[in-house]
Amino acid sequence: MAHAKGRFSLARQAARCTDIDLPAYLRPAAQGQMMLKFLKWLFILIIVAIIGVLIWGYAPDIEPSELQAEYGKPPSQFIALPNGQSVHVRDEGPRDAPAILLIHGSNASLHTWDGWVEALKADYRVVRYDQPGHGLTGAQVKRDYSTEAFRDTGAEVMRKLGIDRYVVAGNSMGGWVAWNLALTYPKNVTGLVLIDSSGAPEAKPQSVPIGFQLAQSALVRPLISIFTPRVIIEQSLQQSVGDPKVITPEKVDLYWKLLRHPGNRQATVERGDFPRQEASALAFAGLTMPSLIMWGRKDTLIPVENAVWFARQLPNETSILYDDLGHIPMEEDPARTVADFRAWLSKTGLDLPETATSQSTPNPAPDPATVTSPGEEETSAEAQDGP
């Protein structure tokens, strides 16, 4: 019994020694409380950070009337289509001049063609419009972002204006709309111009601007209608061009504000849910109107390999590559690119008030080796046709 009491006494003394010798913050109970406090403050910091990011990127819709006052001044007009869609359109130049339809790309607007229109409207009737889900047109009236809806919007705009025959030029997604127009309405399309166009089966981007990545992000999609930091638009534009210096604060504001037209940001998300049919050699075999391919070699979103594919399919093709330009050549260097466009119009006879036919005699498909860049043995305005 005495031996047991001794052991019990020693245990009590050891426990007392432990309580005395260990610092308070090392005791098990204290450590548990400290961990709880740490987790609590970490949670608070995370919540504050999230709120801060949301406040930083918060960008509500802008009233259409406010945007129209800034970006819808004359010669802007709004045309009602048979499906009930109201479309923002600009129709400039002599009424009896050869007609040109210009179609912008994804998340852009008809303003992407400002430089070209200034150089063309004295001699041509130039029509451009904001595609559904873009600019002052706003969301598609039935939220239909199918190939057919985009294609027929362009066709209906020209019908409402009473223009039966026209050259159609499109950039990026606008190029996709342009070649679909040419496939469906070949008797109306007298010439086809593809500028860094989407839709070729070779389309494998080297890099995608951050804005496009966020629009398709499952995390961001629920917030897209209110969360659009201006800096993201600026970075996306800079990533899209050959020289980021061409992206001015005014240009960033234009893209950023028009994206905030009610319905446009949601349309950016919803467009990705509609399947797109790739261009096919079989379908393109029926396109025999004169065609022009213009491409920036620094385009990483739709690389130049896509230009080569289009060149192989279009028999009456002229190709011009720009070593120093990116995805939107007509915005990056409007003077140089529109001069090349005008030279092509003159060369093909499409600068005349009455063009011959919308379907010209086909030539053999060009060898992609004939695709030239400005300054390579000839000026860009005189780039060779395929043999």
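Start by selecting serine 109, which is buried at a relative accessible area of 5%; buried means under 20% relative accessible area, exposed over 50% and partly exposed in between, with a 1.4 Å probe and protein chains only. Serine 109 sits in the loop between β3 and α4 (114-120); helices (H or I, at least four residues) and strands (E, at least two) are DSSP runs, numbered from the N terminus. Now show what surrounds serine 109: leaving aside neighbours within four places in sequence, it is in contact with His104, Asp130, Gly135 and Leu258, where contact means heavy atoms within 4.5 Å.

Before you go on, a note on what is on your screen. This is a predicted model, in which local features need pLDDT of at least 70 and side-chain atom pairs count only at pLDDT 80 or more, while totals for chains, interfaces and linings use all residues. Residues are numbered from 1 along each chain as its sequence is written, and side-chain values use heavy atoms, with hydrogens and water left out.

Asn264 leads you on to helix α10 (residues 264-271), where seven of the eight residues are buried, so the helix is largely enclosed by the rest of the structure. Among the buried ones are Arg265, Glu270 and Arg271.

**The sheet**

Zoom out to a cartoon view. The protein has 14 helices and eight strands. An open sheet of eight strands runs in the order β1-β2-β4-β3-β5-β6-β7-β8, with mixed pairing; two strands pair if DSSP finds at least two bridges between them. At the edges stand β1 (76-80) and β8 (317-322), each with a single partner strand, so one side of each has no neighbour in the sheet. From one strand to the next the twist averages 20°.

Select β3 (residues 99-103) and β4 (residues 125-129), which pair in the parallel sense over five bridges; there, isoleucine 100 stands opposite valine 126. Helix α6 (residues 173-184) packs on the sheet, touching β3, β4, β5 (166-171) and β6 (189-195), and its direction makes about 150° with that of β5. Axes are lines fitted to C-alpha atoms, for helices over the stretch in contact, and angles run from 0 to 180 degrees between N-to-C directions.

Next come β5 and β6, which run parallel and are joined by six bridges, with valine 168 opposite leucine 192. Seven of the seven residues of β6 are buried.

**Beyond β6**

Glycine 199 lies in the loop between β6 and α7 (210-215) and counts as buried at 17%. Not counting residues up to four places away in sequence, glycine 199 touches Trp179, Glu278, Ala279 and Phe310.

**Last stops**

Is arginine 143 buried or exposed? Arginine 143 is exposed, at 51%, and has a positive phi of about 55°. Most residues other than glycine have a negative phi, and most peptide bonds are trans. For a cis peptide bond, select proline 74 and proline 75, where omega is near 15°.

Finish at glutamine 77 in strand β1, which is partly exposed at 31%. Its C-alpha atom is 5.9 Å from that of histidine 88, eleven residues apart along the chain.
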